[in-house]
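Dear colleague,

Please find the structure below, together with its sequence. My notes on what turned up in it follow directly after.

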Amino acid sequence: MMDFDRQVLQDQLGDDEEGFQEILALFLKTVPGNIESLAEAVRKKDAPLIRRLAHSLKGASGNVGALKISQTAKHIEQGSKEGDLNQADEFLKYLREDFRAFQEAVSRIIK
Amino acid sequence: MKTLIVEDDFVSRKILLRQLSKLGECDLAVNGTEAIEAFMQASKESEPYDLICLDIMLPGMDGIAVLKKIRVLEGQEGLNTPKRVKILMTTSLSDKEIVIKAIQAQCDGYLVKPVAQQKLEDKLKELKLLA
């Protein structure tokens, strides 16, 4: 699976290069905060909040083509649905790694 | 074409805004309550929306509840099917059940995110919102 699939955003925005840059920048800026909110919810074992935050992150990252982040967020969402929070800590670690990999993949593209 | 985009997630909101502002005027709402307010305000000013893109998963009042509420408000105004606003539900779920529930609650279709520009425009043509 790719860290960043450019095509996903390209299909949505066509030749709107300005939008492409703007949305990637916005995503990069806000995801660390989202991951921290999720980590906080995991610490508090707040399953409904974990589910909502993970769902949101899954959607946002899926839409910008951050496929690994989206996949990891999906696992966290599923775990919280099934009441299984044991793996959440481990998945959070993966999520941070996925984000670093994503940052690196887009660093060559973003202006 | 005047559109209201209802999305709690900023990335989805921004993408739809970029896509739809090519095609006309757009307003934004981040939750169900704001969406209903925007809908009522636009109706009051006699500048109703042609299209509402409505996320199914919203915090608090969810998209289906918003959809139902808008149809009730339109009913009270005596607006029949051809006159009422076109509503497209947006979802990143491939959850059929929720989508079917939404269609029964009288929306005009749904879009599974990510929504390619071409797919969006095809849907709008189908709804006769775009020539």
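To begin with chain A of what is, please keep in mind, a predicted model: among its contacts between residues at least 6 apart in sequence, 61% join residues at least 24 apart. For chain B, residues 24 or more positions apart account for 54% of the contacts with a separation of 6 or more.

The two chains are built from unlike sets of elements. Chain A has five helices and zero strands, so that its order from the N terminus reads α-α-α-α-α. Chain B has five helices and five strands, and from the N terminus on these run β-α-β-α-β-α-β-α-β-α.

As to overall dimensions, the C-alpha trace of chain A spans about 45 × 25 × 20 Å along its principal axes, while that of chain B spans about 35 × 30 × 25 Å. A compact globule of 111 residues would have a radius of gyration near 13 Å, and the 14 Å of chain A agrees with this; for the 131 residues of chain B the corresponding value would be near 14 Å, and the 13 Å found there agrees as well. Buried residues make up 40% of the 111 residues in chain A, and 37% of the 131 residues in chain B count as buried.

If you centre the view on Ile52(B), you will find that, leaving aside residues up to four places away in sequence, it touches Leu4(B), Val6(B), Val85(B) and Ile87(B). In soluble globular proteins, nonpolar side chains tend to be buried together.

Where the chains meet, 16 residues of chain B are in contact with 20 residues of chain A. On the side of chain B that touches chain A, helix α1 of chain B (residues 10-20) gives the most, with seven residues, and the residues of that side divide into eight nonpolar, four polar and four charged.

Helix α3 of chain A, residues 47-64, has 18 residues and reaches 26 Å from its first C-alpha to its last, close to the 26 Å expected at 1.5 Å a residue. This α3(A) is mostly covered, with 13 of its 18 residues buried, and it is followed by Gly65(A), whose phi is positive, near 85 degrees.

Helix α3 of chain B, residues 63-76, has 14 residues and reaches 20 Å between its first and last C-alpha, close to the 20 Å expected at 1.5 Å a residue. Within α3(B), Gly63(B), Ile64(B), Val66(B), Leu67(B) and Ile70(B) are buried. Seen down the axis of α3(B), its buried residues fall within an arc of 160 degrees, so they line one face of the helix. An α-helix has 3.6 residues a turn, so residues three or four places apart point the same way. On the other side of α3(B), Val72(B), Gly75(B) and Gln76(B) are exposed, and after the helix comes Gly78(B), whose phi is positive, near 75 degrees.

With best wishes

Conventions: Residues numbered from 1 in each chain as written. Chains lettered and ligands numbered in written order. Predicted model: local features only at pLDDT ≥ 70, side-chain atom pairs only at ≥ 80, totals over all residues. Contact = placed C-beta atoms within 7 Å. Helix = DSSP H or I, 4+ residues; strand = E, 2+ residues; numbered from the N terminus. Nonpolar A, V, L, I, M, F, W, Y, C, P; charged D, E, K, R; others polar. Expected span 1.5 Å × (residues − 1). Buried ≥ 20, exposed ≤ 12 C-beta atoms within 10 Å, placed from the backbone. Arc of directions from axis to C-beta. Rg over C-alpha atoms; globule rule 2.2 N^0.38 Å.
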